[in-house]
Amino acid sequence: MSPLDSHITPCPDCDEPIVWATTAKGVSMPVDAEPVNGGNVLLSVGSRGVHAGVLGVNQAAGARDRGQPLYQHHRLSCPRAYRWARRS
């Protein structure tokens, strides 16, 4: 059992499993619950919930080399991301 398992919830728009994580800036981020090869989000579980560390290209490559699972922002896979994605 993964420490993330108790934090997995369905996406309110597509029902795919996601994890709500908090970035270093305190922003809630929906993240796909399964790691992906091209991911750049490092998740960690602590006493305050799930933290999302968004990695740069070189940091992500290093994490992959160390065998750390990396995840991606759910907007990259959600077919209905336009409904809740931040507007510019």
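Reader: How many residues lie between β4 and β5 in their hairpin?
Author: The hairpin of β4 and β5 has 2 residues between the strands. Strands here are DSSP runs of E with at least two residues, and helices are runs of H or I with at least four, numbered from the N terminus. This is a predicted model, in which local features need pLDDT of at least 70, side-chain atom pairs count only at pLDDT 80 or more, and totals for chains, interfaces and linings use all residues. Residues are numbered from 1 along each chain as its sequence is written, and side-chain values use heavy atoms, with hydrogens and water left out.

Reader: In which sense do β4 and β5 pair?
Author: The pairing is antiparallel, over 6 bridges; two strands pair if DSSP finds at least two bridges between them. Leu42 stands opposite Gly53 in β5.

Reader: Which residues make up the largest nonpolar core?
Author: This core has 11 residues, including Leu4, Val19, Met29, Leu43 and Tyr71. A nonpolar core joins buried Ala, Val, Leu, Ile, Met, Phe, Trp, Tyr and Cys residues through side-chain atoms within 4.5 Å. Buried means under 20% relative accessible area, exposed over 50%, and partly exposed in between (1.4 Å probe, protein chains only).

Reader: Which strands each supply at least two residues of it?
Author: They are β2 (17–22), β3 (28–32), β4 (41–46) and β5 (49–54).

Reader: Turning to Gln72, why does it count as buried?
Author: Gln72 counts as buried because its relative accessibility is 18%. Gln72 lies in the segment after α1 (57–65).

Reader: Which side chain does the side chain of Gln72 make a polar contact with?
Author: The partner is the side chain of Asp32, at 2.9 Å. A polar contact is a pair of N or O atoms within 3.5 Å; within protein, one must be able to donate a hydrogen and the other to accept it, and residues adjacent in sequence count only if both atoms are side-chain atoms.
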